[in-house]
Amino acid sequence: MLDSVEANNFEALPLLSLNHVSLLCRSVWDSVRFYEDVLGFVSIKRPSSFKFNGAWLYNYGIGIHLIENPSIDDFDTIVEPRPINPKDNHISFQCTDVGLVMRRLQDMGMKYVTAVVEDQGNRVDQVFFHDPDGYMVELCNCENIPIIPLSSCSFKQRLSSFYKSAPAKCGFIENAMMESLSMEMLNISF
């Protein structure tokens with residue numbers, strides 16, 4: 001295992017983007033229906049060399065790979081449904097209308113929890129719910145908070161983001177650069 005000093009001596013790996021998230025599921029059929037009907041994913045061809053039951057889905061520039069394992073509960077000590085906790089592991093998707101998301105989830109009879117994040121006058125509304133296997137999904141308007149790399153701020157400002165002190169403010173150039181980069185990233189995924 002590399003320590004932080006050793007890791008800093010290497011360049012980052014040549015990554016392009018997030019390709020897919022792989023999830024174990026009890027029933028491929030139930031999970032496919034959820035990801036298609038609720039989240040708008042589309043089933044795509046999966047390599048025929050696989051000798052296990054599963055499905056691949058794609059949309060929004062990301063894939064969801066489902067691997068059926070009916071004995072999934074054997075790996076989890078908690079068999080009963082977990083509470084919806086925004087601080088738990090989850091996958092998040094940006095959406096255009098959080099209010100519409102909540103109305104549609106209500107129409108489908110799905111349980112969900114909402115949360116709000118505020119930073120320097122910006123507000124993000126979040127909706128959290130579970131897929132059929134208990135994996136948490138978040139839908140939000142996260143684009144409302146700009147993406148600002150900590151390295152573009154002074155050391156003192158970077159520390160303030162880790163500790164709940166004064167909000168970090170970066171310069172106009174850094175903010176403009178990150179807004180442009182964010183928009184380019186959004187355009188690439190469509």
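Is cysteine 95 buried or exposed? In this predicted model, cysteine 95 has a relative accessibility of 16% and counts as buried. A disulfide requires two cysteine sulfur atoms within 2.5 Å.

One disulfide is found in the model. Cysteine 140 and cysteine 142 are its two ends, with an S to S distance of 2.2 Å. The torsion about the S-S bond is about -115°, so this disulfide is left-handed. The two ends were also examined for accessibility. Cysteine 140 is buried, at 0% relative accessibility. Cysteine 142 is partly exposed, at 28%. Cysteine 25 is buried, with a relative accessibility of 1%.

Salt bridges were examined next. The count comes to three. One of them links the side chains of arginine 26 and aspartate 133, at 2.8 Å from N to O. Arginine 26 sits in the loop between strand S1 (20-25) and helix H2 (28-37), and aspartate 133 in the loop between strand S7 (122-130) and strand S8 (136-140), so the pair ties together parts that are 107 residues apart in sequence. Arginine 26 is partly exposed, with a relative accessible area of 30%. Aspartate 133 is buried, at 13%.

Another salt bridge joins the side chains of arginine 82 and aspartate 88, with an N to O distance of 2.7 Å. Arginine 82 is partly exposed, at 39% relative accessibility. Arginine 123 and aspartate 125 also form a salt bridge through their side chains, at 2.9 Å from N to O. With 42% relative accessibility, arginine 123 is partly exposed.

The model also holds an open sheet of four strands. Their order is S1-S4-S3-S2, and the pairing is mixed. S1 and strand S2 (42-44) stand at the edges. Each has a single partner strand, so one side of each lacks a neighbour in the sheet. On average, neighbouring strands of this sheet are turned by 30° against each other, direction ignored.

Strands of a sheet pair through backbone hydrogen bonds, in parallel or antiparallel fashion. Strand S3 (residues 54-59) and strand S4 (residues 62-68) run antiparallel. Six bridges join these two strands. Within this pairing, leucine 57 has isoleucine 64 in S4 as its bridge partner.

Conventions. Residues are numbered from 1 along each chain as its sequence is written. This is a predicted model: local features need pLDDT of at least 70, side-chain atom pairs count only at pLDDT 80 or more; totals for chains, interfaces and linings use all residues. Side-chain values use heavy atoms; hydrogens and water are left out. A salt bridge is a side-chain nitrogen of Lys or Arg within 4 Å of a carboxyl oxygen of Asp or Glu. Buried means under 20% relative accessible area, exposed over 50%, partly exposed in between (1.4 Å probe, protein chains only). Two strands pair if DSSP finds at least two bridges between them. Axes are lines fitted to C-alpha atoms, for helices over the stretch in contact, and angles run from 0 to 180 degrees between N-to-C directions.
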